[in-house]
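Let's take a walk through a protein model together. Keep the sequence and the 3D view open as you read.

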Amino acid sequence: MTKLKGLLLTEGMHGMISQAEGLAKALGLDFIHEKIELNNFWKMIPPKITPIKRFVFKNDILEKFNVVISCGRKSVIPSIFLKKKFGNKIMNIHIQDPKVSLNNFDFVIAPEHDDLKGENVLSTKGAIHYLQESELDDNINYLKPKIQKEKVVVLVVGGPNKYYNFRDNLIEEIFHKIKKNFLDNGYQLIFIPSMRTPQRIIDKAKDFYNEDQIIISDVDKKAYLSSLKLADHIVVTCDSTSMISEAAITGKPIYVADMPAIKNNYRFKKFFELFKSLDIIRNLDSSVESWDYKKLNETDRIAGYIEKRFQNYDFS
């Protein structure tokens with residue numbers, strides 16, 4: 001059977017690409033990615049009051065496609081425009097709350113902590129993502145030769161956003177907890193930065209930890225995948241529900257390194273409550289425990305549901 005063609009529309013940010021590509025891979029699509037650029041005036045206008053017109057966005061979308069997967073505010077109008085143009089010749093799926101009528105899409109995928117309701121809304125426990133267990137297996141040897149101890153703890157670090165500011169004293173507190181809880185008890189550390197991690201935090205990690213620890217200096221997907229496979233325990237900073245959701249595919253104990261919020265973080269609190277109720281995460285405090293939970297793979301679950309709808313579409 002010929003693969004369906006997929007068109008991914010995002011703003012180019014890692015978290016958005018991870019979700020869109022993860023779903024496209026799970027659906028078995030032959031996809032291309034289009035980074036959406038809005039024309040100057042429309043960058044400032046909310047989608048709810050933006051006209052569904054071609055002049056809103058700069059992109060010339062020339063490829064033929066069957067399924068549009070969009071993620072992020074800027075991709076909302078292009079997705080609706082294409083749906084209106086091609087009707088049931090294409091299926092359009094939006095990830096996250098589009099802040100417009102949900103009827104503009106065949107499906108809207110949103111995490112439970114967003115409290116988004118609708119007949120075409122598919123709710124997920126955490127964020128969908130691109131990680132597959134097979135990728136973790138394939139990359140285990142990338143960092144394995146550097147492992148010198150029997151137990152491994154991985155620290156996955158995000159970066160400042162509108163809820164968390166990553167002040168130096170807060171990062172130092174996390175580093176001290178990692179040392180006291182894990183390194184002083186025979187663990188080896190793998191430090192994994194993200195695209196949002198400031199250089200000062202990477203430099204601070206190099207200064208704080210001794211040469212026995214593995215400090216990854218740049219964004220390195222292979223190192224990330226390898227570290228998750230090698231980890232006995234995983235610590236993730238509290239700023240990214242996406243990274244915590246990704247780590248949950250391992251079934252390994254996940255500690256959340258919490259920081260004080262600088263504004264109301266209601267959605268984060270809802271997410272943490274859900275993942276604690278599923279026994280996936282615990283707070284990084286002063287003790288280390290091991291526990292099991294069912295590996296979380298919401299991407300494949302959602303893809304299976306959507307695939308059943310493909311038969312209702314004339315993709316020819």
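A residue is called buried when its relative accessible area is under 20%, exposed when over 50%, and partly exposed in between, using a 1.4 Å probe and protein chains only. Before using that, here's what you're looking at: a predicted model, where local features need pLDDT of at least 70 and side-chain atom pairs count only at pLDDT 80 or more, while totals for chains, interfaces and linings use all residues. Residues are numbered from 1 along each chain as its sequence is written, and side-chain values use heavy atoms, with hydrogens and water left out.

Start at Thr 250. Is Thr 250 buried or exposed? Its relative accessibility is 9%, so Thr 250 counts as buried. You'll find Thr 250 in the loop between helix 7 and strand 11 (254–257). Helices (H or I, at least four residues) and strands (E, at least two) are DSSP runs, numbered from the N terminus. Now look at who surrounds this residue. Contact here means heavy atoms within 4.5 Å. If you skip the neighbours within four places in sequence, Thr 250 is in contact with Leu 136, Leu 228, Ile 234, Tyr 293 and Lys 295.

Not counting residues up to four places away in sequence, Lys 229 touches Leu 136, Asp 137, Ile 140 and Lys 252. Take Leu 136 from that list: Lys 229 and Leu 136 are 93 residues apart in sequence, yet their C-alpha atoms are 5.6 Å apart in space.

Side chains of opposite charge can pair when their charged atoms come close. We'll call the pair a salt bridge when a side-chain nitrogen of Lys or Arg is within 4 Å of a carboxyl oxygen of Asp or Glu. How many salt bridges does this rule give? The count comes to 17.

One of them joins Asp 137 and Lys 229, with 2.6 Å from N to O. Asp 137 lies in helix 3 and Lys 229 in helix 6, so this pair ties together parts that are 92 residues apart in sequence. Asp 137 counts as partly exposed at 39% relative accessibility, and Lys 229 is partly exposed too, at 33%.

Another salt bridge joins Lys 221 and Glu 135, whose closest N and O atoms are 3.6 Å apart. Lys 221 sits in helix 6 (residues 221–230) and Glu 135 in helix 3 (residues 133–138), so the parts tied together here are 86 residues apart in sequence. Lys 221 is partly exposed, with a relative accessible area of 39%, whereas Glu 135 is buried, at 18%.

Next, find Asp 114 and Arg 267, a salt bridge with its closest N and O atoms 2.5 Å apart. Asp 114 is in the loop between strand 5 (107–111) and strand 6 (121–124), and Arg 267 is in helix 8 (residues 266–277), so the pair ties together parts that are 153 residues apart in sequence. Arg 267 counts as partly exposed, at 36% relative accessibility. For a case with three partners, look at Asp 279, Arg 282 and Glu 289, which are linked in a network of salt bridges.

Arg 267 also leads us to the largest pocket. On a 1 Å grid over the protein atoms alone, a cavity is a set of points where a 1.4 Å probe fits but cannot get out, and a pocket is an open set with protein on both sides within 12 Å along at least five of seven lines; lining residues have an atom within 4 Å of a point. The largest pocket is lined by 33 residues, and Met 13, Met 16, Gln 96, Ser 242 and Arg 267 lie nearest its centre. Helix 1 (14–26), helix 7 (241–247) and helix 8 are the elements that give two or more residues to this lining. Which element gives the largest share of the lining? That's helix 1, with five residues.

Finally, stop at Gln 96, in the loop between strand 4 (91–95) and strand 5. Gln 96 has a phi near 90 degrees, a positive value in a residue other than glycine.
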